[in-house]
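User: Hi! Could you walk me through this model, one question at a time?

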Amino acid sequence: MTELTLDVSRGACACGRCTVRLALPSPLGEHTPRACDCDFCTARGVAYLSARDAQITLDSTGGWHRERQGSGQAEFLSCAHCGELLAVVAPFDDGWRGAVNARRLDDQHLLAEAQAVSPKLLDASTKRSRWGTLWGRAEVTETTPAAGAS
């Protein structure tokens, strides 16, 4: 059996309390981020990157700020300290799936220019079906600092 080799990219929020690890089945430069044209995403300047076979690990040592927008089916994860948006995730039958903010990856310069998309034009069921084909498996962890720690 051939072992799958993954291309790993890393990133973080502005303050470094939240990190992302994105493992893709092909080189990062072969992927094109998607820039949602809704008010929420354009105000934050995000472009999402994912692949069905991707593995996404999101970790926070300072807490996640979670928001729901649009159809309310997905959670947008931002750093609770600096406010930087790192990813969007949603629960599926096979676990959590998500996409990362490509603009927070350390090696984002390897990516093509983001392609504009308009998911706000899709109904809730179609959005969810699309995410199921585009988003990778996501693991979200949060380590809360001990009381009195800074």
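This is a predicted model: local features need pLDDT of at least 70, side-chain atom pairs count only at pLDDT 80 or more; totals for chains, interfaces and linings use all residues.

What follows is a set of questions and answers on strands, a loop, cysteines and a pocket.

User: Which residue of β5 is the bridge partner of R21?
Analyst: Helices (H or I, at least four residues) and strands (E, at least two) are DSSP runs, numbered from the N terminus, and two strands pair if DSSP finds at least two bridges between them. Strand β2, residues 18-24, is joined to β5, residues 55-60, by six bridges, and the two run antiparallel. Within β5, R21 has as its bridge partner T57.

User: And on the β1 side, which residue of β2 stands opposite S9?
Analyst: β1 (residues 7-12) pairs with β2 in the antiparallel sense, over six bridges. Their hairpin has five residues between the strands, and G16 takes a positive phi near 85° there.

User: Is S78 buried or exposed?
Analyst: S78 has its place in strand β7, where both faces are covered: E75, L77 and C79 on one side, F76 and S78 on the other. Leaving aside neighbours within four places in sequence, S78 is in contact (heavy atoms within 4.5 Å) with residues including W64, H65, E67 and L86. The cut-offs are under 20% relative accessible area for buried, over 50% for exposed and partly exposed in between, with a 1.4 Å probe and protein chains only. Because its relative accessible area is 3%, S78 counts as buried.

User: Which residue of β8 stands opposite L77?
Analyst: β7 pairs with β6 (residues 64-67) in the antiparallel sense over four bridges, and L77 is there the bridge partner of R66. Four bridges also join β7 to β8, again antiparallel. In β8, L77 stands opposite A87.

User: What is the relative accessible area of A80?
Analyst: A80 lies in the loop between β7 (75-79) and β8 (85-92). Not counting residues up to four places away in sequence, A80 touches G62, G63, W64 and H65. A80 is partly exposed because its relative accessible area is 47%.

User: How far from the sulfur of C41 is the nearest cysteine sulfur?
Analyst: A disulfide is a pair of cysteine sulfur atoms within 2.5 Å, and a search of the whole structure finds zero. C18 is in no disulfide, with the nearest cysteine sulfur, that of C79, 3.9 Å away. C41 is in no disulfide either, and the nearest cysteine sulfur, that of C38, is away by 3.7 Å.

User: Which helix gives the most to the lining of the largest pocket?
Analyst: A pocket is an open set of points on a 1 Å grid over the protein atoms alone, where a 1.4 Å probe fits, with protein on both sides within 12 Å along at least five of seven lines; lining residues have an atom within 4 Å of a point. Of the 23 residues lining the largest pocket, the closest to its centre are C36, Y48, F76, P119 and W131. β3 (34-36), α1 (39-44) and α2 (124-134) each supply at least two lining residues. With four residues, the element that gives the most is α2.

Terms used
Residues are numbered from 1 along each chain as its sequence is written. Side-chain values use heavy atoms; hydrogens and water are left out.
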